[in-house]
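Try each one yourself before you read the solution.

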Amino acid sequence: MFATLVYRRTSLVVTPSIKIRSFISITTETEFANRKARVQENHGFYYPLVNDLRYGNGVQTLRIPEFRKKFEYYQFPDSSKKIDTLFSVCGKISSIRRAGKGIIFMDIIQDFTKLQLVIHHKMLNLNKEEFSNIHSEFRIGDHVSVIGFPGKTDVGELSLKASQRVKLAAPALHPLPPKLTDTAKINSLRVVDYLVNRESQEIILARSKIISTIRKFLEDRQFVEVSTPIIANSGTGANATPFVTSSEHIKNDMLQPEPLQLRVAPELWLKKLIISGFDKVFEIGKVFRNEGIDSTHNPEFSTCEFYQTFTSLEELMNLTTDLFHSISTELLNAESLKLTHIQAKALQHEEFKTLEFIPAIEEATGKKLPENLGVAELENYFKSINLEFPKVKSPAQFLDTLASEYLEPQCAKPTFIYHQPAILSPLAKSTNIKYGDRQYDISRRFELFINGNEYVNAYEEENDPFSQNEKFKLQTRSKEKHQDEEALVPDYKYVTMMEWGMPPTGGWGIGIDRLTMLLTDSARVENVLTFGKLNDVLKH
C-alpha cells in the first residue's frame with residue numbers, strides 16, 4: 001500500500017522518544033520518521049475498517065490459534081503441500097525474511113501465537129518487480145490481513161500461502177528496539193516493553209491464570225462472587241491509611257462536600273453480606289492504601305477475600321493448601337506460558353508447616369512470655385532477650401516485632417503462623433488457651449508465610465457484637481494511649497449490623513500482586529502490574 005503513494009519530500013519529521021533512540025540506528029529512525037509523515041498526509045487510507053479487510057465470498061477468517069489447531073496435524077497432499085480452500089488470517093508482523101525479489105516469508109502473531117506467511121510472486125500473478133514494489137514497504141510491527149491456502153513448506157512448517165497481496169491493517173510508525181533491558185526505560189515505556197520482551201507479557205498472562213484459577217476454585221465450591229463499594233465514608237477493615245476524596249454531589253449538613261474514602265479492604269462489606277444470608281461470598285478487586293511505595297508495595301493493589309459460614313481455622317488451612325496446589329498445577333500445565341515457574345514447582349505438592357505463636361516465640365528466645373502482655377511486661381521481656389524496642393510502644397507493636405524477629409525467618413517453606421495473641425487481631429474470634437501454667441487470650445487466626453513473606457491472613461471471625469464492640473474500644477484506647485497509627489479504626493455501624501445475627505464464619509484474604517510475584521519469580525511488584533507502580537503509571 002505504501003507503494004501506491006507518491007513519495008515526496010516533507011518537512012514533517014517526527015522521531016521516536018528520546019528514551020529509546022539509543023537502541024535504534026539513525027538510518028532506521030529517519031526512515032520511520034519519513035514513513036510517519038507519509039501516513040499522516042493520508043492517514044485515513046492506512047487505517048481501514050475491519051470489514052474492508054475481509055475477503056467476502058464465504059472466505060472464513062480464523063484467528064491464528066484456531067488456524068493452528070485446525071491444520072497443525074493436517075495431512076496435506078505430498079505434491080502441492082497445501083489444500084485448495086481459502087482462509088484468511090490477521091496479525092502483527094514479528095519477522096520478515098526475503099528470498100530475492102520474488103518470495104517473502106513473514107511471521108505474524110495474534111493471541112500470542114505465531115504463524116508463517118509465504119508470499120510468492122507467482123501465486124499473486126505478479127512479476128518480481130511488481131511484487132517487490134508492493135510488498136517492500138512492510139515493516140515489523142505492522143498489522144496485516146492476508147488470504148491464502150493452508151499448507152506446509154518443504155521443511156514442514158505450517159504456513160498460509162498467500163493468494164492475494166497482503167493488506168495493511170495498521171502501520172507501525174516507530175521501529176522496535178532489538179532489546180529493552182534498562183529498568184527505568186521499561187517502567188516508563190511499558191507498551192514497548194511488552195512488544196519487545198516476551199517475559200514481561202508472560203508475567204501478565206500468568207497473573208491472569210492465577211486470578212482465573214482462584215475464581216474457578218471458589219466457584220466450584222459454590223461461592224458467590226460479589227462487588228462491594230470502593231468509595232464510602234469510611235475505609236475500615238484493615239490497619240491502613242486511606243485515600244481521602246469527596247463528591248460534589250454528596251453534601252453534609254453544612255452543604256459542603258462529604259469527605260469520602262477509597263476502601264482499604266472489602267472485609268466488613270463482605271461480612272455484612274454474610275449477615276444478610278449469603279453463606280459463601282468472595283470478591284477479587286482493588287484496594288487502596290495511602291502508604292509507602294517500594295519493591296513490594298504499591299498504593300493500589302488487588303486482593304481476594306472470601307467468607308464462609310461455619311468454617312473453622314483448620315478448615316481454612318486445608319482450603320489454603322488445596323488452593324495453592326491448584327494454582328501451581330494450573331500454571332505449570334498452561335501450554336501458552338513458557339516461564340520457568342520455580343516456586344510453582346516447589347509449591348505443587350509442598351507440605352505446609354505450622355508454628356503456634358507463643359510456644360514458637362518461647363522456643364526461639366529460650367524464655368517464657370509474661371502472662372500479662374502489657375507494655376511494661378513486654379519491655380522487660382525485650383530487655384531479657386536483648387531486643388530493641390519498637391518505635392511505637394504498644395502491646396501489638398511489641399508482639400509484631402517478636403514475630404518479625406523470631407518467627408518469620410523460620411518460614412522459608414510455606415508455614416502457617418497461628419494462634420496470635422488476641423490484641424493483634426481485633427476482628428477475629430478469640431479464646432483462652434493455657435500454655436503450661438499461663439493462660440492467654442488467643443485469636444483463632446493464622447498467617448501464611450513463604451520465604452519469610454506474608455501471603456494469606458485468615459481467621460474465624462468475631463460474630464459476637466458485644467465482644468466486637470469491646471475490641472473496637474480497646475483498639476481506640478491503644479491508638480490514643482500509644483499513638484499507634486496502625487491500630488484499626490472502629491466501625492460501629494458494622495457492630496450494629498452484627499446484631500441481626502452473624503453465624504460463625506471463616507474469613508480469608510490474599511494479595512494477588514504479591515502472590516504473582518512469588519509464582520513468577522518476580523523480584524519487584526512493578527513487574528506484575530500492567531503499567532508498574534503508581535510513580536511509573538504517572539509517566540505514561
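**Exercise 1.** Are Glu267 and Lys271 buried or exposed? Work out how the two are connected as well.

*Solution.* One thing to keep in mind as you go: this is a predicted model.
- Step 1: check accessibility. Glu267 and Lys271 are both buried.
- Step 2: look at the side chains. Those of Glu267 and Lys271 form a salt bridge, with N to O at 2.9 Å.
- Step 3: Because Glu267 and Lys271 sit four residues apart in helix 8 (residues 267-275), about one helical turn separates them.

**Exercise 2.** How many residues of helix 8 are buried, and what covers them?

*Solution.* 
- Step 1: count. Seven of the nine residues in helix 8 are buried, leaving the helix mostly covered.
- Step 2: name some. Among them are Leu268, Leu270, Ile274 and Ile275, along with Lys272.
- Step 3: look at the cover. It includes strand 12 (280-288), strand 13 (300-309), strand 19, helix 15 (492-498) and strand 20 (505-511).
- Step 4: step off the end. Just after helix 8 comes Gly277, with a positive phi of about 105°.

**Exercise 3.** Where is Phe282, and what is it in contact with?

*Solution.* 
- Step 1: Phe282 is in strand 12.
- Step 2: its relative accessible area is 0%, so Phe282 counts as buried.
- Step 3: skip the neighbours within four places in sequence. The contacts of Phe282 then include Arg215, Leu218, Phe223, Val226, Cys304 and Phe306.
- Step 4: Phe282 and Gln308 are 8.8 Å apart in space and 26 residues apart in sequence.

**Exercise 4.** Lys539 forms a salt bridge with Asp536. Why does Lys539 count as partly exposed, and why does Asp536 count as buried?

*Solution.* 
- Step 1: get the distance. The closest N and O atoms of Lys539 and Asp536 are 3.9 Å apart, and the cut-off is 4 Å.
- Step 2: classify Lys539. Its relative accessibility is 47%, so Lys539 is partly exposed.
- Step 3: classify Asp536. Its relative accessibility is 4%, so Asp536 is buried.

How values were computed: Residues numbered from 1 in each chain as written. Predicted model: local features only at pLDDT ≥ 70, side-chain atom pairs only at ≥ 80, totals over all residues. Heavy atoms only, no water. Salt bridge = Lys/Arg side-chain N within 4 Å of Asp/Glu carboxyl O. Helix = DSSP H or I, 4+ residues; strand = E, 2+ residues; numbered from the N terminus. Buried < 20%, exposed > 50% of the residue type's maximum accessible area, 1.4 Å probe, protein only. Contact = heavy atoms within 4.5 Å.
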